[in-house]
Amino acid sequence: MTDNNIAAAIEAGQVHGMPQKLDDAGRFVAITTPTDAGTKVHDLEQLAAAYADRPRRKTGTVKVQDAASFVAYLEKHALPESEVFADPRTYQLVAVINAHQGVLDDGQGIVREDSAGHGDHRLVLDLVQTPAWKTWLALDRQWQTQAEFAEHIEDNALDVISPDAATMLELAQSFQAASSVNFKRGERLHSGVVSLHFEETQSATAGQAGDIEIPTTFTVQLAPFEGGDLTSVTARFRYRIRSGELSMSYALVQPHDVARAAYDRIVNDVAGAIDAPVLYGTPA
């Protein structure tokens, strides 16, 4: 290789390796490497931020599980342009902390848009259903054998406020004691209860009969969401008798309306504790 060729190769390598500015500010540069003749664009501001002691600005999505944590985070990080969106379909609250700013009025009738926000620093409240609420909702309108139903009542009697827990436990024990009987019929009494008539099937007690009285409705006290208030929910007893076999269930009265009301209370509590506007919907 001649001296001229060597000089040309060195000059070409220097040109390829030199950053080429792509904008007047010099933020974006293109560098072509001689090894693969590939050109890459680099954001010098982003590279500098990666090695800085702190990021240039706050980004990311934080998730919390109760209203108190949601309010506490906003108290620390909220900006004048922060917005909060409430979505009852998902039982969520979403705060866009670095949202768009509003409008500017120069006082002479000229109004223009203020600065746009990145919208990438967010806070999400994902409400968590309580174990008790999930338990009662899971068996809502589900038919069970009398033994299964009795076990459910025993396990969750403390949630029942009317009739009291002791009465519900006694009812559960009655169902367990009547495990070897034929149920004949049910009759609604004027006192507001249903009398279930049964006859013994074991040979030692053949011919003996009895009745189990159950209330037509009962009331449980539950909090649909963690950190929320307890609320009363009415349930209707249901039964059916087929070939002497008794099946039991209950029907919660409008449980979704109860959950929505509990959600709205949480939204109102949050709205009263923060300065940002609360809008029903979802952010862009």
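## Salt bridges

The side chains of Asp 264 and Arg 260 meet in a salt bridge, with 3.0 Å from N to O. Here a salt bridge is a side-chain nitrogen of Lys or Arg within 4 Å of a carboxyl oxygen of Asp or Glu. Both residues sit in helix H7 (residues 255-273), 4 residues apart, which is about one turn of the helix. Helices (H or I, at least four residues) and strands (E, at least two) are DSSP runs, numbered from the N terminus. Arg 260 counts as partly exposed, at 34% relative accessibility. For these labels, buried means under 20% relative accessible area, exposed over 50%, and partly exposed in between (1.4 Å probe, protein chains only).

Before going on, please keep in mind that this is a predicted model, in which local features need pLDDT of at least 70 and side-chain atom pairs count only at pLDDT 80 or more, while totals for chains, interfaces and linings use all residues. Residues are numbered from 1 along each chain as its sequence is written, and side-chain values use heavy atoms, with hydrogens and water left out.

## Two further ion pairs

The structure holds 4 salt bridges. One of them joins Arg 57 to Asp 120, with the closest N and O atoms 2.8 Å apart. This pair links distant parts of the chain, 63 residues apart: Arg 57 is in the loop between helix H2 (44-50) and strand E4 (60-64), and Asp 120 in the loop between strand E8 (111-113) and strand E9 (121-126). Both ends are partly exposed, Arg 57 at 31% relative accessibility and Asp 120 with a relative accessible area of 27%.

Asp 87 forms a salt bridge with Arg 89, the closest N and O atoms being 3.0 Å apart. Asp 87 is buried, with a relative accessible area of 9%, whereas Arg 89 is exposed at 69%.

## Aromatic residues

Searching the whole structure gives 7 aromatic pairs. In Phe 218 and Tyr 250, the ring centres are 6.1 Å apart and the planes are at 75°, so this pair is edge-to-face. For reference, rings of Phe, Tyr and Trp (its six-membered ring) pair if their centres lie within 6.5 Å; planes under 30 degrees apart count as stacked, over 60 as edge-to-face and the rest as tilted.

Phe 218 belongs to strand E15 (residues 217-222) and Tyr 250 to strand E17 (residues 245-252), so the pair ties together parts that are 32 residues apart in sequence. Both Phe 218 and Tyr 250 are buried. They also belong to one aromatic cluster, together with Trp 136, Phe 149 and Phe 237.

## Backbone details

If you are browsing the backbone, have a look at the peptide bond from Ser 162 to Pro 163, which is cis, with omega near -10°. Pro 163 lies in the loop between strand E11 (160-162) and helix H6 (165-177).

Tyr 91 has a positive phi of about 55° although it is not a glycine; this residue is in the loop between strand E5 (83-87) and strand E6 (92-96). Arg 141, also not a glycine, has a positive phi of about 65°. Its loop runs between helix H4 (131-138) and strand E10 (144-145), and Arg 141 is partly exposed, with a relative accessible area of 40%.
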